[in-house]
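Subject: The structure, plus notes

Hi,

Here is the structure I promised to pass on. Have a look at it first, and then read my notes below.

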Amino acid sequence: MANICSHQQALNSPYAGKVSEGQCQKLYWACLEILERTGVSLHDQEAVDLCKKAGALVTDGNRVRIPSGLVEKAFSTVPKSITLYDRAGNRAMQVGGHRCYFGTGSDCLHLLDHRSGKRRRAVLKDIVEGMIVCDALENIDFVMCMFLPSDVPQEKLDRYEMEAMLNNTTKPVVYVTTEFFGCRDAVKMAEIVTGGADTLRHNPFAVCYINVTTGLRHNKEALQKLLYLSGKGLPFTYIPSAQGGVTAPITIAGAMAANYAGVLAGLVLSQLKREGAPFIIPGWGGNMLDMKTMVQPYADPQKRGQAIDFGHYLGLPMFSLAGCSESKLVDQQAAAEAALTLYSDVLFGGNLIHDVGYLESGLSGSLPQLVICNEILSWLEAFMKGIEINEETLALDVIDEIGPDGQYLDHPHTARHFRDRWYPKLFERSNYDGWENKGGSSLGERAVGNVDKILAEHKPEPLPDDIAKAVRAVFE
Amino acid sequence: MDKIQPLIDAVINGDEDKVKVIVLEGITKGEKAADIMNKGLIAAMDIVGGKMEAEDMFIPEVLMSARAMKAGVNALQPHLTKDDAKDLGVVVIGSAQGDLHDIGKNLVKMLMEGGGFSVIDLGTDVKPEKFLEAVRENNADIVGISALLTTTMLSMKNVIEALESAGLRDQVKVLVGGAPVTKEYAEEIGADCYGADAGSAVRIAKSLLYK
C-alpha cells in the first residue's frame, strides 16, 4: 500500500498550499450565495420534496434555492473521515485528512494494447487483466474498472465491470454505473460478497462514483443514486462536472464556485436523507474544456491544488485525480504528466486519487503506463517521508570512530541502515555497460515486460465459488 | 467589390459592427448581394473553419466570427433574391435517445449556422421518430446525431433504420459524432460520415452535399 501523507508532522514532511484560508472562505460564501440566490435544478421529485420539507424555496417545479443554514447543519452530521475495507473485510484505507491513496480510472473506451502496441476498443478480458495487475502493484490501493468492455451486452456493461473487479482483486472498489438500476445491482453484488447489508455498511469496501451533469443541474440518475446510497449509509463520491467556458465560467474561481455549490447541494440532500451518511467531494476544481480542441484536459495544471486546499478547509474526504495524461502514447509526455500530477496531489494531500494510468484525456488506458505510475508512486512515497534527526541517524560516534580517512561500507551502522534508502524497481540506475548488458531497454519496454511478468505469475485470491455464482445471478 | 478583404478580416476578427457597415456600404455602392455573400461572408467562414481545424483559433473566437457572419447575412437579407438567399442546406440535429449531453451538439449547431447552413435543433434525448418527423417537415439534407455515452450511441443505428423504413434514407446524409463514436462504428451502422470534432463537421457537411 502506498503510505503517502502530506503534512504528517508540523514542518517535518513536504506539503503544499495554493489558496489561503481567507480565499477558501470567500469561495465557500460564494457557493452559499449561489445556492440561495440562483439555486439548483433537481431532476428528481424525491430530492425536490426533501429540500422543500427542510425549508428550501421551490419554484418552476424543480428549481430549488437552499438556505445557508441547511448547508451548515449538514456539516455537523457528515463524517469527516471514512474507513474503507478490502474485499475480505480487512481495514484498508482511512479516507480523509492529508492521507493519499491511489487507484485507476474507469471506463476507458480504448486500450493501448501492450502486446501489439496498437490502440483498440477494450473488451472484458482487458478489465480482468487490468485488475490482476492492480492486485499485484503495491502502490495501487483501490481499483476502478479501467476499461469499458465492448464485447458484453451494452445495457448491462456496468454489471460485468463490477463482477470483473470483484473476481480479480481483493482491493477496495470504486464503481461507476450508467443508470440507477446498475447501481442497485452493484450494491447487491457487494452485499453478497460481504455477507449482507449491515456488514457492507459497517465494513464498506465499495464506493460508488456519481457524476452529476453540472453543479447547478443535477440529473435524475445522480440524484436517485445519491438518495439510495445515503439511505443505506453507503459511501459515494458526488462529482458535478461543469466545464469552464461551456457549462460554467471559464475562470477557475467561477467554475469552482458553480461546481462546489452543486457539491454542497448534494451534501445537504445526503444528510436530509440520512444524518451521518458518508459523502465524498471532488479534489480537483476549475475544470475547463480546451478552447481550441474542446477536449477536457485531465493533466491541466490549473485545476490542481486549490480544490484539495478547499477540501481540507471544508474538512471532508476527497476524491482526487492524478497520474493521467493527454498523450496518445506511453511516451515522454505521458510520463511527465503522470509524474507531475501525482507529485502535486501528494504534496497537497488529496485522498482517493484516481485516474492513475489514464491516457488520451480519459479515452484510453495502458497497463505499462499504470506500472510506470506505480514506480513514480514508489519514488514519491520515499520523497514524502519526513527525516529523523537523532543520535542514531546523525551517527556522530561512527563518524569519529572512522575518522576523516576511513570508509563506511563494512561498518555495522551502514549494515543497519542501507535498506532505509530508496531503490528503484523500474527506473534504470546501472552504468552504461551494465544497462547495455541487461538489454539496453527503455522505461516503456521494461514496463511492458513487467506487465507480462505480472500476468504470467500473479494469481489474485479468487472469490469462493458459491459467492461468485451468486454475484453473477444478480444480473443474469 | 473593393472592400472584400476588409470584410473578410472583419468576419475573422468577429467584428459584428464593422461587418454590418461594410455590407451596407457595398449595397449602397451597387455591389451584388450574392457577391458580398459568397466572396465575402462565406469565404471568410471557410478561412475560419480551416484555422479552427488547424487549432489556430480558439472556439470562442470562432463563435464571434460566426455571429459577425450572421449579422452580415441579416443586413444582406432584404437585398438577396430568392435564389441568393438559399441556405447551403438544412441540417436536423440532436443528441441520441437517452443522451442528455449537448455541449458538442450545440457547438456543431453554432458552427453549422455560421457556415451557412440552416439548422433545426431537436435538443437532447431525441427519439428516432422525432428525427424522422423533422426530416420530413423540413425537407432536410443532413441529419446530425451526437452521443457522449456508449450506451446511447447504440440508438444512432435506430435513427438510420427508421429513415430506411420510411423510405427517406436516400434523401439525407447522416453525420454522426461524439466522444465514443469512431469511424468504424459510423461505417458499421451505415452512417454517411463521422466527424471527429465540431470543427470538421462543417467541412464534412459541405463535402457531403457538394462533392
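K39(B) and D35(B) make a salt bridge, with 3.9 Å between the closest N and O atoms. The term stands for a side-chain nitrogen of Lys or Arg within 4 Å of a carboxyl oxygen of Asp or Glu. Because K39(B) and D35(B) sit four residues apart in helix α3 (residues 33–53) of chain B, about one helical turn separates them. D35(B) has a relative accessibility of 28%, so it counts as partly exposed. On that scale, buried is under 20% relative accessible area, exposed is over 50%, and partly exposed is in between (1.4 Å probe, protein chains only). Helices here are DSSP runs of H or I with at least four residues, strands are runs of E with at least two, and the numbering starts at the N terminus.

Before I go on, some housekeeping: this is a predicted model, so local features need pLDDT of at least 70 and side-chain atom pairs count only at pLDDT 80 or more, while totals for chains, interfaces and linings use all residues. Residues are numbered from 1 along each chain as its sequence is written, chains are lettered from A and ligands numbered from 1 in the order in which they are written, and side-chain values use heavy atoms, with hydrogens and water left out.

Back to the salt bridges. D46(B) pairs with K206(B), and their closest N and O atoms are 2.5 Å apart. Are the two partners buried or exposed? D46(B) is partly exposed, at 41% relative accessibility, whereas K206(B), at 19%, counts as buried.

K70(B) forms another salt bridge, this one with E113(B), at 3.5 Å between the closest N and O atoms. That pair also links distant parts of the chain: K70(B) is in helix α4 (residues 59–76) of chain B and E113(B) in helix α5 (residues 103–114) of chain B, 43 residues away. K70(B) is partly exposed at 43% relative accessibility, and E113(B) is partly exposed at 23%. Over in chain A, salt bridges with shared partners join D158(A), R159(A), D185(A) and K188(A) into one network. Over all chains, the count is 31 salt bridges.

A147(B), in the loop between β3 (142–146) and α7 (150–153) of chain B, is buried at 2% relative accessible area. From A147(B) to F58(B) it is 89 residues in sequence and 23 Å in space, C-alpha to C-alpha. K183(B) is in helix α9 (residues 183–188) of chain B and counts as exposed at 51% relative accessibility. K183(B) and Y194(B) are 11 residues apart in sequence, with 5.6 Å between their C-alpha atoms.

Now chain A as a whole. It has 18 helices and 18 strands, and 54% of its 476 residues count as buried. Its C-alpha trace spans about 85 × 50 × 50 Å along the principal axes.

What gathers on the surface of chain A? E391(A), D397(A), D400(A) and E401(A) form a patch of negative charge. Patches take residues with over 30% relative accessible area and no salt bridge, joining like charges within 9 Å and nonpolar side chains (Val, Leu, Ile, Met, Phe, Trp, Tyr) within 5 Å. Helix α14 (residues 396–402) of chain A gives the most to the negative patch, three residues.

D60(A) is not a glycine, yet it has a positive phi of about 50°. D60(A) is in the loop between β3 (57–59) and β4 (63–65) of chain A and is exposed, with 66% relative accessible area. M294(A), also not a glycine, has a positive phi of about 65°, and its place is the loop between β14 (281–282) and α10 (306–314) of chain A.

Cheers

Notes:
Areas by Shrake-Rupley, 256 points an atom, 1.4 Å probe, with all protein chains shown as cover. Lys, Arg positive; Asp, Glu negative; His and termini not counted. Charge placed at Lys NZ, Arg CZ, Asp CG, Glu CD.
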